[in-house]
Amino acid sequence: PGSQGKTLRGSFSSAAARDAQGQSIGHFEFHGDHALLCVRINNIAVAVGKEAKLYLFQAQEWLKLQESSHGYSCGEKLSKAQLTMTMNQTEHNLTVSQIPYPQAWHVFYADKYTCQDDNENSQAEDIPFEMMLLNPDAEGNPFDHFSAGESGLHEFFFLLVLVYFVLACIYAQSLWQAIKKGGPMHVILKVLTTALLLQAASALANYIHFSSYSKDGIGIPFMGTLAEFFDIASQIQMLYLLLSLCMGWTIVRMKKSQSRPLQWDSTPASTGIAVFIVITQSILLLWEQFEDTSPHSYHSHHNLAGILLIILRICLALSLGCGLYQIITVERSTLKREFYITFAKGCILWFLCHPGLACISVIFSDYQRDKVVTIGVILCQSVSMVILYRLFLSHSLYWEVSSLSSVTLPLTISSGHKSRPH
């Protein structure tokens, strides 16, 4: 029926159920009074012969069973399921009702061989199935809604893509002209624009995935993966840019100058540190994506890779913030001090928004955490990009600062003519 929610396809396997004491089919956040689990199978005779059943456990109850010190047997664990469905028809519909707030549920398959030690009997024919897990919409219709953990993301990515499109129509031409002019901001604007385009591409890919997901409950997994890839590339670009500007690992290599406080001597050691940081973040981002397969780019960090990413971003924010603070405190020019302060705000917001929102998300329910982090991080990083764009495109401010003292300008790129500043 073109239902929204989650659609699962596969085979009920007696061998898998016996090995794991219950074959895990999937999990879903049910909510409302008429949430629905719909299962379709074709091989009724095999299902009846094996006494096939589905067992539904609330996530918290299942976790308690797993961590319990009572040592429940296989049969005792299955008997504690909150809901049970016997597979004796071609199509089964189970209504999950009276759920006061969204709760995660686990679905397991088991049959008469699951709790036996006889391997031969469990080698029976598998049962292909199609399962839909659905939540009701505002009118109580269970065939028209996302999971509680995903509701709202489709509309968010639609609005985000729309905003990107409108802003592109308004500012694309002036931005292109600023980049074509060259000058001290030329390379910086190119790198920042590349990061912004990658972020927009990630939002578009996510929107396409969720649009398809809203129709069939499956979506386009390739587009979801592509969105993850674009986001990782955008994160790497921004880290490269901010390291280049804050630590002096310049885009165009320069000789060390004590009069340029934001520049860092591009020795092999300093370049190696910057490259190491970029590669480390790239590995952690890829590791996190492999660990967490949810169809969006930001997660509330329940795994080791996510925790290490938070630590890395906090350390970067502290180190860059301390360096910029030292420059700001000794700077006498009000105009240049404002320049540094604005730049520091953009850097710190970019690095700390993800760790901050991951900590704040703890106060929300499980099903809301990933949404809070995803939406919050995208909005905060967009604000950070706006701050940096306004700073870099503000030619009047830049040239006013430049006229005061071109040698102490941050972000200045030498053209090889030492006596003639840009």
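User: Why is Arg9 called exposed?

Analyst: Arg9 has a relative accessible area of 53%, and since exposed is the word for values over 50%, with buried for those under 20% and partly exposed in between (1.4 Å probe, protein chains only), Arg9 is classed as exposed. The model is predicted, so local features need pLDDT of at least 70 and side-chain atom pairs count only at pLDDT 80 or more, whereas totals for chains, interfaces and linings use all residues. Residues are numbered from 1 along each chain as its sequence is written, and side-chain values use heavy atoms, with hydrogens and water left out.

User: What makes the contact of Arg9 with Glu130 a salt bridge?

Analyst: The side chains of Arg9 and Glu130 meet at 3.5 Å, N to O, and the term asks for a side-chain nitrogen of Lys or Arg within 4 Å of a carboxyl oxygen of Asp or Glu, so this pair qualifies as one. Arg9 belongs to strand 1 (residues 6-12) and Glu130 to strand 8 (residues 127-134), so the bridge ties together parts that are 121 residues apart in sequence; strands (E, at least two residues) and helices (H or I, at least four) are DSSP runs numbered from the N terminus. Glu130, at 23% relative accessibility, is partly exposed.

User: How do you know that Glu130 and Arg40 also form a salt bridge?

Analyst: Their side chains come to 3.8 Å, N to O, which meets the cut-off for a salt bridge. Arg40 lies in strand 3 (residues 35-41) and Glu130 in strand 8, so this pair ties together parts 90 residues apart in sequence. Arg40 has 29% relative accessible area and is therefore partly exposed. Arg9, Arg40, Glu91 and Glu130 are linked in a network of such bridges.

User: How many aromatic pairs are there, and why is the pair of Phe158 and Tyr207 called tilted?

Analyst: The search of the whole structure finds 9 aromatic pairs. The ring centres of Phe158 and Tyr207 are 5.7 Å apart and their planes stand at 45°, so the pair is tilted: rings of Phe, Tyr and Trp (its six-membered ring) pair if their centres lie within 6.5 Å, and planes under 30 degrees apart count as stacked, over 60 as edge-to-face and the rest as tilted. Phe158 sits in helix 5 (residues 153-180) and Tyr207 in helix 6 (residues 186-216), so the pair ties together parts that are 49 residues apart in sequence. With 5.9 Å between centres and 55° between planes, Phe229 and Phe230 are likewise a tilted pair.

User: Why is Leu320 called buried?

Analyst: Leu320 has 5% relative accessibility, which falls within the buried class, so the label holds. Leu320 is placed in helix 9 (residues 304-330). The C-alpha atoms of Leu320 and Phe351, 31 residues apart along the chain, are separated by 9.9 Å.
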